[in-house]
Amino acid sequence: MTNERPGEGPGRVGQVKEITSLSNPIIKDIKALSLKKARDETRTFMAEGLKLVIDALALGWTIRTLVYSKEAKGKPQVDDIAARTVARGGLVLEVSAKVIGAITRRDNPQMVVGIFEQRLTKLDSLRPKQGETHVALDRVRDPGNLGTIIRTADAAGASGVILIGETTDPFSLETVRATMGSVFAVPVIRASQADFLAWRRKADVSIVATHLSGAVDYRTIDYSKKPVVLLMGNEQQGLPDELAQAADALARIPQAGRADSLNLAIATGVMLFEARRHLLSLEARG
Ligand code: SAM
C-alpha cells in the first residue's frame with residue numbers, strides 16, 4: 001500500500017483519471033480495502049452501486065474516490081456524482097470493466113463504486129430519546145448477519161446499532177453489501193463491554209436483552225416506558241452473564257419445532273418490529 005489514501009495525495013485530488021491497468025498503484029490501494037488492515041489505516045471503505053453512492057452523498061458522507069466503468073460514462077446521474085466528487089476534492093476514476101470487476105471481486109460488477117470515509121458515532125454522545133429503539137449486538141461475528149441487522153434496523157425506524165466487544169467490521173465489503181445502503185442511514189456505535197455497561201448505568205434507558213431462557217415473553221414487554229435498547233447475544237455463545245445481568249428484562253421469543261434458536265438477524269428483526277408495533281399502537285391510541 002502506498003502512503004497516500006485513496007482519493008488523497010499530491011496530484012490526486014479533484015481530478016478525473018482514466019485507468020485500464022490492474023497494476024496501477026491507485027487501483028492496488030482500492031483493492032486493498034478488501035482487507036481490514038487497509039480499511040483501518042485509511043479509515044475508508046467501499047460501497048458498490050449508483051443508488052448507494054447517490055444516497056450516501058445526499059446523506060452527507062464524504063467521498064474520497066468515485067470509480068465508474070467506461071460503459072457508465074455519459075449517464076446523467078453518473079456525470080452528476082462525478083462532478084460532485086470533484087467539487088468536494090475527491091478523485092474520479094474512469095476504468096475498464098476488468099478493473100471494476102477486480103476491485104469488487106465480482107464477475108458482474110456494479111458500474112459504480114464509491115470509496116467513503118468511515119463514520120462511527122461515539123457512545124459517550126449517545127443520549128437515546130423517548131420513543132427511540134437501539135439495537136446492541138454482543139460480539140456479532142457474521143458480516144451477513146450484521147449487514148442484515150443494520151438494514152432491518154433502518155426499515156424498523158431504529159435509531160442506531162451498538163457493537164459491543166470484538167465484532168465483525170461494519171465497513172467490510174460483505175457487511176456493506178448486506179446493508180443494501182442502510183449503513184449510510186443508521187448510526188453505528190462501537191464499544192467495549194465495560195464501556196457499554198458504564199454507559200448503561202448513566203443512560204436513562206430500558207435494556208431488553210434476548211435470551212433463550214428468558215423469563216418474559218417478548219410480546220408482553222412495554223417498549224414505551226423509556227428509550228429501549230434491544231440487547232442481542234453472540235451467534236454461538238449467546239449473551240454472557242455480565243450483559244444479561246445488566247438488563248431490565250430477559251425476553252424470550254417462544255418457538256415451535258425442533259430448532260433450538262433463531263438466527264441472530266431474524267431474532268433481531270422480530271424484536272425490532274415488535275417494539276415498533278407496540279410504539280405505533282400507542283401512538284394510534286393517542
Ligand atoms: N447457542 C446460542 C445460545 O445458547 O444462546 C444461540 C444464540 S442465537 C443463534 C443468537 C442470539 O439470538 C441469542 O443470543 C439471542 O439474543 C437471540 N435469539 C435467538 N433465538 C431466540 C429466542 N427464541 N428468544 C430470544 N432470543 C433469541
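## Where the domains meet

In this predicted model, the side chains of D169 and R39 meet in a salt bridge, with 2.7 Å from N to O; a salt bridge here is a side-chain nitrogen of Lys or Arg within 4 Å of a carboxyl oxygen of Asp or Glu. Between domain 1 and domain 2 the count is two salt bridges.

The model is predicted, and local features need pLDDT of at least 70, side-chain atom pairs count only at pLDDT 80 or more, while totals for chains, interfaces and linings use all residues. Residues are numbered from 1 along each chain as its sequence is written, and side-chain values use heavy atoms, with hydrogens and water left out.

The domain assignment, which is automatic or taken from a database, gives the bounds in this table.

| Domain | Residues |
|---|---|
| domain 1 | 17-117 |
| domain 2 | 123-285 |

The centres of domain 1 and domain 2, taken over C-alpha atoms, are separated by 32 Å. In contact, meaning heavy atoms within 4.5 Å, are 13 residues of domain 1 and eleven residues of domain 2.

About 1200 Å² is buried between domain 1 and domain 2, and carbon and sulfur atoms give 68% of this area; buried area is the accessible area (1.4 Å probe) that two parts lose on being put together, summed over both. Of the area that domain 1 buries against domain 2, R39, F45 and L52 supply 38%, more than any other three residues.
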